[in-house]
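What follows is a short report on a single protein chain, meant to be read with the model in view. It takes up the pocket, the cavity, the barrel, the core and some backbone details in turn.

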Amino acid sequence: MATINLLEYLRSRTQVDIDTYDAEASKEIGPFQDATGNQFEIQAEIAKPNRRTVLERSLALTTTIHSQFATITFEELAVEVVGIQLALEVIQTVHGNVHVMVNPSYSYNTEAIVANAQRFHHLCQIIDPYFDTSRLVTKVPATWEGMQAARQLKRSGIKTLATTVFSMEQAILAGEAGCISVSPFVHELKTETYKGYEDSNPILGVCVQAQQFYRQKSLPTRLKACVTLNLDELIMLAGIDALTIAPKVLKVLAATERPQEEVEGMSLFAKAPKATEAVEYPSYIDSESQYRVHFAASEGGKAQFKTAQAISLFCDAQTAVEMYVKAQLEDSSYIPINL
């Protein structure tokens with residue numbers, strides 16, 4: 001029976017992106033179209049002994065420019081600086097874009113999200129004046145406030161991705177807001193951060209519905225699914241616009257062969273019926289009350305719970321990385337380096 005390599009199979013059906021700010025890991029398993037990261041990846045990278053220079057360089061730069069961004073704390077700015085530094089490193093290993101997440105504590109504050117995204121672009125210009133900022137995508141939580149921010153940012157030419165998506169309502173709103181892509185979390189984020197925690201309600205079906213919706217409406221927004229729990233789920237999603245996958249899972253995929261006939265029969269996108277008539281969904285972009293009512297009821301209330309939970313976990317990661325930065329500054333052995 002003919003077998004097929006799982007990573008090669010996915011790449012033949014779907015854009016495979018890497019979920020890391022580790023440029024060396026990206027080089028090792030690549031090539032990839034896009035790279036993405038968040039506060040968890042920032043924390044993981046700067047805690048590595050071989051990343052000490054990146055952290056010190058970021059702290060030195062933050063010291064120099066903090067007066068230009070006096071509305072935020074030194075620690076918050078330092079996290080943004082190091083995030084941009086890491087993003088500009090990893091983008092050298094991919095063909096397309098790099099994604100950077102706004103401070104999740106702003107998830108329900110439109111103005112703060114807009115300012116955060118604009119700050120990312122300003123920091124890129126400071127760190128590398130030659131960097132093409134059209135390759136920078138700002139990850140914005142898929143809250144009502146976040147999507148209104150994405151709408152504003154599109155008008156000013158800043159690309160956004162809607163993250164923490166758990167429902168069709170969020171996917172519709174993100175498409176209407178002009179996000180270039182959305183990241184449906186197939187499972188609760190907590191399944192990745194708490195060992196043994198289980199989510200019995202994956203949203204594989206929402207991924208299929210959302211992609212069909214964008215096609216029917218001729219919207220350019222693309223699906224980038226993440227937070228899958230096993231290889232079977234990844235194979236089931238073959239045919240989605242893109243999958244965001246962590247390096248350790250990519251290595252397993254690259255080392256795994258399965259019967260070709262079995263693998264090709266698993267895709268939910270291949271099985272999805274061709275709609276003869278467009279499914280009608282309500283428009284949400286100018287109807288806050290309708291959106292909030294529908295979203296609150298979505299997936300039996302689970303979508304709203306999962307979104308809030310994911311934002312809370314990202315906020316914990318933001319706090320942790322800010323505390324790490326503060327601890328480095330207070331460390332008596334820390335000596336700022338010259339830029």
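## The largest pocket

Helix H3 gives the largest share of the lining of the largest pocket, namely four residues. The model is a predicted one, and in it this pocket holds about 930 Å³ of space. Its lining is made up of 40 residues, and those that lie nearest its centre are Asp 19, Glu 41, Glu 192, Ala 246 and Lys 248.

Several elements give two or more residues to this lining: the strands are E2 (15-19), E3 (35-36), E6 and E9 (242-245), and the helices are H3 (39-46), H9 (190-193), H11 (231-236) and H12 (247-254). Sorted by class, the residues that line the largest pocket are 18 nonpolar, eleven polar and eleven charged.

The residues that line the largest cavity are Gln 39, Ile 42, Glu 76, Val 79, Glu 80, Gly 83, Ile 84, Val 100, Met 101, Asn 103, Phe 120 and Gln 318.

Helix H5 supplies the largest share of that lining, with five residues, while H3, H5 and strand E4 (98-101) each contribute at least two. By class, the lining of the largest cavity comprises six nonpolar, four polar and two charged residues. Helix H3 therefore has a part in the lining of the largest pocket as well as in that of the largest cavity, where helices are taken as DSSP runs of at least four residues.

## The barrel

Eight strands form a closed barrel with parallel pairing, in the order E2-E3-E4-E5-E6-E7-E8-E9. Strands of a sheet pair through backbone hydrogen bonds, in either a parallel or an antiparallel manner.

## The nonpolar core

The largest nonpolar core contains 105 residues, and Leu 10, Met 147 and Leu 237 are those with the most contacts inside it. Eleven residues of this core, its largest share, come from helix H5 (residues 74-90). In soluble globular proteins, nonpolar side chains tend to be buried together.

Which residues is Leu 237 in contact with, once its neighbours within four places in sequence are left aside? They are Thr 14, Val 186, Leu 204, Cys 207, Ala 225, Thr 228, Leu 243 and Phe 269.

## Backbone details in the loops

The peptide bond that leads from Gly 30 to Pro 31 is cis, with omega near 5°. Pro 31 has its place in the loop between helix H2 (23-29) and E3.

Two residues have a positive phi although neither is a glycine: Ser 218, at about 55°, and Glu 299, also at about 55°. Ser 218 is found in the loop between helix H10 (204-216) and strand E8 (222-225), and this residue counts as exposed because its relative accessibility is 64%, with the cut-off for exposed set at over 50%. Glu 299 lies in the loop between helix H15 (288-297) and helix H16 (302-330); with a relative accessible area of 33%, Glu 299 is partly exposed.

Note on methods. Residues are numbered from 1 along each chain as its sequence is written. This is a predicted model: local features need pLDDT of at least 70, side-chain atom pairs count only at pLDDT 80 or more; totals for chains, interfaces and linings use all residues. Side-chain values use heavy atoms; hydrogens and water are left out. Two strands pair if DSSP finds at least two bridges between them. A nonpolar core is a set of buried Ala, Val, Leu, Ile, Met, Phe, Trp, Tyr and Cys residues joined through side-chain atoms within 4.5 Å. Buried means under 20% relative accessible area, exposed over 50%, partly exposed in between (1.4 Å probe, protein chains only). Contact means heavy atoms within 4.5 Å. On a 1 Å grid over the protein atoms alone, a cavity is a set of points where a 1.4 Å probe fits but cannot get out, and a pocket is an open set with protein on both sides within 12 Å along at least five of seven lines; lining residues have an atom within 4 Å of a point. Grid points are joined across faces, edges and corners, and a volume is the space filled by probe spheres set on the points. Ala, Val, Leu, Ile, Met, Phe, Trp, Tyr, Cys and Pro count as nonpolar, Asp, Glu, Lys and Arg as charged, and the others, Gly among them, as polar.
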